[in-house]
Amino acid sequence: MAQQLAIIVLVDIGNALEANSLRDNVYLFDNMKLHGSDGQGTGDLVTAIHGAYWRDGSQATEQVLNWLPYSLGSLPPTVPRGYESERALQSDARALEELDALTAKPDATDPAADLNEIRKAVGTRVKTTRRTKGRLSGQKVIDLTGEIVTDTSAGTYSYPAPVITDIYGQAVDEKIMYPAEYGSPDLVTDGWYWSATVDSSRPGTYSYSMRIQLHRLVQRGSEALWEPVNLTCESALRVTSEPKVNGFTGSGMGLLPLDPYPSSAQGAEYFQPGPQQPGPQQPGSQQSGVQQSGLVEEER
Amino acid sequence: MTSETDNGGARRPIAITAVVDCVGALATGTVHGNLYFYDTNKAGGSQGFGTEQLRTRVRSGDQVLWSVLALECEAYTAIDGIDIDHELCEPERRVYPGTDVAYWIGTVKKDIPGDTYYQVRFRLGSRDEPIVTTLSPSLVG
Amino acid sequence: MAYKPQINIIAVVDVIGALSGGTLHNGNLCLVDNAGEESTGQGTAHLRTAVRPGQVVQWSALAVDLQTPVEIRSITFLGEDGVATPATRTSAEGDGDKLDLAHWAGVVPPSLPSGTPFKYRLELQMYEGRYSVLHVDSPALIGV
């Protein structure tokens with residue numbers, strides 16, 4: 001059964017831009033801790049790929065890797081990625097309403113103050129360089145609470161989420177994984193994400209690199225620009241592969257053990273309450289027909 | 001862009017992110033071993049990145065913003081409450097305008113000498129009771 | 001009439017729902033098979049899979065949310081009194097990180113009587129820890 005493996009790339013964008021490096025400013029996670037991934041939450045993650053093969057040597061599992069770039073100190077990824085644009089539209093609508101109200105006012109005592117209020121509502125709209133046109137262009141700068149930022153010099157703004165632009169290196173060169181960028185209807189990933197299938201037949205540890213694009217807000221004259229900054233970081237896959245084993249027999253396939261009482265002579269001993277379900281009942285397991293046979297892991 | 005601007009203008013809020021392995025926490029009944037804290041004030045002297053005992057360096061007047069990130073993007077994970085000395089900070093829950101995504105925000109009321117420890121309560125999946133941090137992160141003066 | 005040589009039973013699990021509530025019921029487990037219309041309870045935890053002697057039956061588990069781990073920890077056929085027996089404990093068991101290597105499949109015995117349901121305990125492991133193992137005793141194979 002295809003197992004989806006997720007690798008989260010969490011970037012401290014502010015520090016990374018300051019240092020012009022992802023070293024010590026990127027934290028990696030995956031969901032393969034159970035299979036022996038090392039370095040969760042650090043910059044030195046080694047992702048365990050647990051392969052399996054059938055008796056004839058053919059690959060028995062399909063592993064699919066997905067990369068999810070997130071940002072520390074930005075809007076959380078659960079906020080829809082189009083949020084900056086949406087907030088921009090909302091703030092424009094509000095400004096237009098206020099303009100209408102202002103022109104309708106018969107006795108505008110302090111038009112300058114009123115206009116200033118409108119200017120605050122409008123905020124700073126970002127231009128982009130040609131390379132990133134489309135993605136961030138026309139968005140407004142918003143802060144960590146989703147409010148429109150009017151004074152970008154205070155540095156309270158939220159950085160755009162990091163973007164993976166390439167995955168390459170040893171694991172790709174040696175054809176251990178086949179990464180590519182895919183489109184997706186899932187807005188959490190902005191409609192694009194990097195994914196790879198893995199050849200788990202060649203055990204070993206293979207490094208790979210990610211090229212990650214961050215954006216620095218620069219003021220050019222009266223314009224604010226998100227300037228792309230390309231940085232790289234490294235990680236690794238550790239591939240293991242073991243043979244599939246039949247769950248019932250421990251070796252090859254046999255008859256299903258349908259009859260728990262194989263012979264009348266042995267029958268008696270099977271009626272004894274089995275010691276194989278020891279654990280004390282867990283709280284909250286009163287539901288009929290369902291018991292938790294937990295604690296086994298702990299007792300080992 | 002430095003966060004140490006003291007020109008009377010708004011300072012960049014310090015964002016604290018709790019990364020939660022939701023499935024791990026539900027399977028074990030504890031966030032211990034399934035929780036990683038980070039903040040955006042490493043340059044200011046915060047320590048313990050990626051652990052359950054993050055020490056976030058703060059000064060009087062700093063805004064602190066807590067949010068949560070689930071390792072499994074489909075898993076519901078939220079902060080249910082932050083138990084901290086209200087003499088120092090009173091975090092309150094807010095949502096991003098137009099969404100149901102929440103964050104907690106509070107202002108540091110005074111400079112403090114050492115560590116002020118606090119607990120975070122998490123809502124995970126559809127589990128009824130929240131799970132509270134086992135080890136405590138802190139704000140450090 | 002030719003019958004399928006292999007029947008597949010798939011346990012589709014809402015892992016986060018099951019772990020949150022501590023139960024595989026309440027819609028957290030859907031069992032489906034491809035045995036055709038003679039099976040009953042498709043999509044529930046009470047699936048009765050129609051099988052014939054000589055057919056291979058294969059079980060697999062799949063998480064609804066794909067990124068969460070779920071593996072079959074054991075399948076144990078139950079006696080008439082519903083007691084699991086030590087006769088069918090397996091070698092794969094007890095090695096949580098190796099459960100994905102187990103292939104749960106077997107041949108329906110030639111002596112299978114028709115019309116008798118053989119209930120089994122399906123034990124699933126979701127991640128690791130004291131609340132990670134849950135089971136149901138409700139599904140069955142039935143000879144037709």
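**Sheets, chains and cores**

Analyst: Let's begin with chain B, where strands in the order 2-1-4-7-6 make an open sheet of 5 strands with mixed pairing. Strands here are DSSP runs of E with at least two residues, helices are runs of H or I with at least four residues, and both are numbered from the N terminus. Two strands pair if DSSP finds at least two bridges between them.

User: Before we go on, what sort of model is this, and how do I read the numbering?
Analyst: This is a predicted model, where local features need pLDDT of at least 70, side-chain atom pairs count only at pLDDT 80 or more, and totals for chains, interfaces and linings use all residues. Residues are numbered from 1 along each chain as its sequence is written, while chains are lettered from A and ligands numbered from 1 in the order in which they are written.

User: In what sense do strand 6 and strand 7 of chain B pair, parallel or antiparallel?
Analyst: Antiparallel, over 4 bridges, with strand 7 covering residues 102–107 of chain B. In that pair, B:Val95 stands opposite B:Ala102.

User: And what's in chain B as a whole?
Analyst: Chain B has 1 helix and 11 strands, running β-α-β-β-β-β-β-β-β-β-β-β from the N terminus on. Its radius of gyration (taken over C-alpha atoms) is 15 Å, close to the 14 Å that the globule rule gives for 141 residues, so chain B is as compact as a globular protein of that length. The globule rule is 2.2 Å times the number of residues to the power 0.38. The C-alpha atoms of chain B fill a box of roughly 45 × 35 × 30 Å along the principal axes.

User: How much of chain B is buried?
Analyst: 45% of its 141 residues. A residue is buried if 20 or more other C-beta atoms lie within 10 Å of its own, exposed if 12 or fewer, and partly exposed in between, with C-beta atoms placed from the backbone. For chain A, buried residues make up 35% of 300.

User: Why does B:Ala27 count as buried?
Analyst: Because B:Ala27 has 26 C-beta neighbours inside 10 Å. B:Ala27 belongs to helix 1 (residues 22–28) of chain B. Leaving aside neighbours within four places in sequence, its contacts include C:Leu19, C:Met126 and C:Tyr131. Two residues are in contact if their C-beta atoms, placed from the backbone, lie within 7 Å.

User: Switching topic: which residues touch the most other members of the largest nonpolar core?
Analyst: That core has 131 residues, and those touching the most other members include A:Ile8, B:Val20 and C:Leu124. Strand 1 (residues 3–11) of chain A gives the most to this core, with 7 residues. A nonpolar core is a set of buried Ala, Val, Leu, Ile, Met, Phe, Trp, Tyr and Cys residues joined through C-beta atoms within 7 Å.

User: What does B:Val20 touch?
Analyst: Not counting residues up to four places away in sequence, B:Val20 touches B:Val31, B:Leu35 and B:Phe122, among others.

User: And chain C, what does strand 9 pair with there?
Analyst: Strand 9 (residues 140–143) of chain C pairs with strand 3 (residues 48–51) of chain C in the parallel sense over 4 bridges. Strand 7 (residues 117–125) of chain C also pairs with strand 9, in the antiparallel sense over 3 bridges. C:Ile142 in strand 9 stands opposite C:Ala50 and opposite C:Pro117.
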